[in-house]
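Here's a quick tour of a predicted protein model. Have a look at it first, and then we'll go through it topic by topic.

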Amino acid sequence: MPSCHDHLQPVDLTRPSAVSILSGEHRVILQVITCLERMAAQATREGRIPAGYASSALEVIRTFADRCHHGKEEDILFPALEAQVPGFGPTAVMREEHVIGRQYVASMYTAISAADVGGFVAAATGYTELLRGHIAKEDDILFRMAQAMLSSAQDAAILAAYRAVEHDDMGDGTHERLLGVADSIADVYGVERASNDPQTFALLTAVCGCHTEKA
Ligand SMILES: [Fe+2]
Ligand SMILES: [Fe+2]
């Protein structure tokens, strides 16, 4: 059955924009949660949590996915949409899911500290299911709507604000360090690096710039 957003164009990933930057970051978040799923399967199989790798994955999730990525959404993109449509519903749902995600992350940390295999597997499973659905809703619905709603001037202003988050709030080099951690875990768990895709790599480095600064 066709739904109300089917007439909206998919996010244009060929150039940096307010939504394509975030869609590129989604590929890295999916990479990390795929690793987390494999860690949960490993914990079930072996009866112990791979605590070192799980803690590294959670550091990427808490800093890159939550503070940096969800921060850009909650503090920059969503307010721009809410300013245009007071009471805008889709962003309210996304904000609620971010809160639920933080509860799962806290539960995973607690489970690792307590060596609670069952608690870790339950929280990791809940988190990965939530995030996969959340990312699909953003990429397929909300970001398509945003792409149609934002003028090119608004888009440029949002990109400038993202740049400020990377450099001023996160600190230069943080983004690149966390991508390195995400890739090293991916190599251990046999998950493809999101940055192997040239289009994703271009989006990941468009705002941050740390890769190009090093070159
Ligand atoms: Fe989100
Ligand atoms: Fe997102």
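The protein has a mean pLDDT of 92, and 93% of its residues reach 70 or more; pLDDT is the predictor's confidence in each residue, from 0 to 100. This is a predicted model, in which local features need pLDDT of at least 70, side-chain atom pairs count only at pLDDT 80 or more, and totals for chains, interfaces and linings use all residues. Residues are numbered from 1 along each chain as its sequence is written, while chains are lettered from A and ligands numbered from 1 in the order in which they are written.

**Confidence**
- Helix α1 has the highest confidence, at a mean of 98, and helix α8 (residues 210-214) has the lowest, at 41. Helices here are DSSP runs (H or I, at least four residues), and strands (E) need at least two, with numbering from the N terminus.
- Over residues 209-215, pLDDT stays under 50.

**The nonpolar core**
- The largest nonpolar core has 50 residues, and V32, A57, M108 and F120 touch the most other members. Such a core is a set of buried Ala, Val, Leu, Ile, Met, Phe, Trp, Tyr and Cys residues joined through C-beta atoms within 7 Å.
- Among the elements giving two or more residues to this core are α1 (20-46), α2 (51-84) and α3.
- Leaving out residues up to four places away in sequence, V32 touches A57, V60, I61 and A182. Contact means that two C-beta atoms, placed from the backbone, lie within 7 Å.
- As a general rule, nonpolar side chains in soluble globular proteins tend to be buried together.

**How the helices pack**
- The axes of α1 and α2 come within 10 Å and cross at roughly 150 degrees. That makes the two helices, α1 and α2, roughly antiparallel.
- Axes are lines fitted to C-alpha atoms, for helices over the stretch in contact, and angles run from 0 to 180 degrees between N-to-C directions. Under 35 degrees counts as roughly parallel, over 145 as roughly antiparallel, 65 to 115 as roughly perpendicular and the rest as oblique.
- V32 in α1 and A57 in α2 are among the residues where these helices meet.
- α2 and α3 pack at about 165 degrees, with axes 11 Å apart, and are therefore roughly antiparallel too.

- Y109 sits in helix α3 (residues 89-113).
- Because Y109 has 16 C-beta neighbours inside 10 Å, it counts as partly exposed (20 or more others within 10 Å is buried, 12 or fewer is exposed, in between is partly exposed, with C-beta atoms placed from the backbone).
- Y109 and A51 are 58 residues apart along the chain, with 9.6 Å between their C-alpha atoms.
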